[in-house]
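Okay, thanks for coming, everyone.

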Amino acid sequence: MQLNGVFAPLPTPFDESGELDLGRFRRAIPTWMKSPLTGVVVLGTNGEAGLLDDAESAAVIDAARQEIPSGRVLLAGTARESTAHAIRAARTAASLGADAVLVRTPCFFKGQMTGAAFERHYTAVADASPVPVLLYNFTAATGVNLLPETVARLATHPNIVGMKESGSDIAQIADLVAVANPSFSVLAGSASTFQAALSAGVSGGILALAAVFPEACVRLFELMRAGNHEAARALQRQILPMARLISTGHGVPGLKAVLALIGIDAGYPRAPLAPAPDTAVAALKTALTTFEDAFA
């Protein structure tokens, strides 16, 4: 399995009381299915995966697979702090129809999360998972870093097919691309530096912004693939304000707020997260208008 193109990490809708709202989820998915996205991710960071229990997580994967055609790739986040639980989550996701699982680095015992610990964890998960495994490195959130030399060794496992690198360190991204074998897909996780990551050789991206502007993110990918770097750089500049507001500015609440502005009901964030404040919504509305005016 080789993953190329643009994937959107879907938000998980909750109602105002914080209960999982699968009705909202099912109603929203067809909008993304009309876009040119390669596929989607459920239960990633933008899906508030850390705020769901195992039964809720299974319900989200099941609902997504029912709405997503078999020809579109469904990736499911199955990160758990213990290796045994990560294996169990991967098996559950596979049984519910996920095409592959995205496994964030364990991080609770930061000081002991060495390269050797990551190798043990991911090798055990990949050995047991019925579907392919993608590594997931998000140092800004976890405080640990999955280094290129460790990735190089893990990439030789036949059931580890790629990784999401959420950082914006282009040097590390280039190193990841360089050390992995050609069948291993490195996917960028930051829309703010997507064009630069594509220049460094990534196979595509898992971008929160792709849930808002899927056509623009796919267009940037296609421009780079066609060698039209000047047009790609111009498009990167146009999407940058919104990308920054979502990724480093307002996070999941901001993503849900801007989706509401474009007519996609992604519900409320779950506590302890709170809805985006009015000032954030105003900033998102301005960035959205600026982007739309550029393409008017």
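**A walk through the side chains**

Let's start with G227, which comes after α9 and has a positive phi, near 85°. Keep in mind that this is a predicted model.

Now back up into α9 itself. This helix has twelve residues, and from its first C-alpha to its last it reaches 17 Å, close to the 16 Å expected at 1.5 Å a residue. Which residues of α9 are buried? They are P214, A216, C217, V218, L220, F221, L223 and M224.

Next, the aromatics. A pair of aromatic rings is described by the distance of the centres and the angle of the planes. Searching the whole structure turns up three aromatic pairs. One of them is Y136 with F138, a stacked pair at 6.2 Å centre to centre, with 15° between the planes. Y136 counts as buried because its relative accessibility is 3%, and the cut-off for buried is under 20%.

Then there's F213 with F291. Why do we call this pair stacked? The planes sit at 15°, with the ring centres 3.9 Å apart, and planes under 30 degrees apart count as stacked. F213 is in the loop between β8 (204–206) and α9 (214–225), while F291 is in helix α11 (residues 278–294), so this pair ties together parts 78 residues apart in sequence. As for accessibility, F213 has a relative accessible area of 7%, so F213 is buried. F291 is buried as well, at 9%.

On to a histidine. H121 is in helix α4 (residues 115–128). Is H121 buried or exposed? Buried, because its relative accessibility is 3%. The H121 side chain makes a polar contact of 2.8 Å with the side chain of T83.

Last topic: charges. How many salt bridges are there? The count comes to eight, and I'll pick out a few.

First up, E48 and K256, whose side chains meet in a salt bridge at 2.6 Å, N to O. That pair links distant parts of the chain, 208 residues apart: E48 sits in the loop between β2 (39–42) and α2 (54–67), and K256 in helix α10 (residues 229–261). Both E48 and K256 are buried.

Next, E81 and R104, with a salt bridge of 3.7 Å, N to O. E81 is in the loop between β3 (73–77) and α3 (83–95) and R104 is in strand β4 (residues 100–104), so they tie together parts 23 residues apart in sequence. E81 counts as partly exposed because its relative accessibility is 39%. R104 is partly exposed too, with a relative accessible area of 22%.

Then we come back to α4, with E119. Its side chain meets that of R153 in a salt bridge of 2.7 Å, N to O. R153 is in helix α6 (residues 148–154) and E119 in helix α4, so again we have a link between distant parts of the chain, 34 residues apart. At 43% relative accessibility, R153 counts as partly exposed, and E119, with a relative accessible area of 22%, is partly exposed as well.

And one network to finish: D21, R24 and D265 are joined by salt bridges that share partners. Okay, that's my tour.

Note on methods:
Residues numbered from 1 in each chain as written. Predicted model: local features only at pLDDT ≥ 70, side-chain atom pairs only at ≥ 80, totals over all residues. Heavy atoms only, no water. Phe/Tyr/Trp six-rings, centres within 6.5 Å; stacked < 30°, edge-to-face > 60°. Buried < 20%, exposed > 50% of the residue type's maximum accessible area, 1.4 Å probe, protein only. Helix = DSSP H or I, 4+ residues; strand = E, 2+ residues; numbered from the N terminus. Polar contact = N/O pair within 3.5 Å; in protein donor to acceptor, adjacent residues only side chain to side chain. Expected span 1.5 Å × (residues − 1). Salt bridge = Lys/Arg side-chain N within 4 Å of Asp/Glu carboxyl O.
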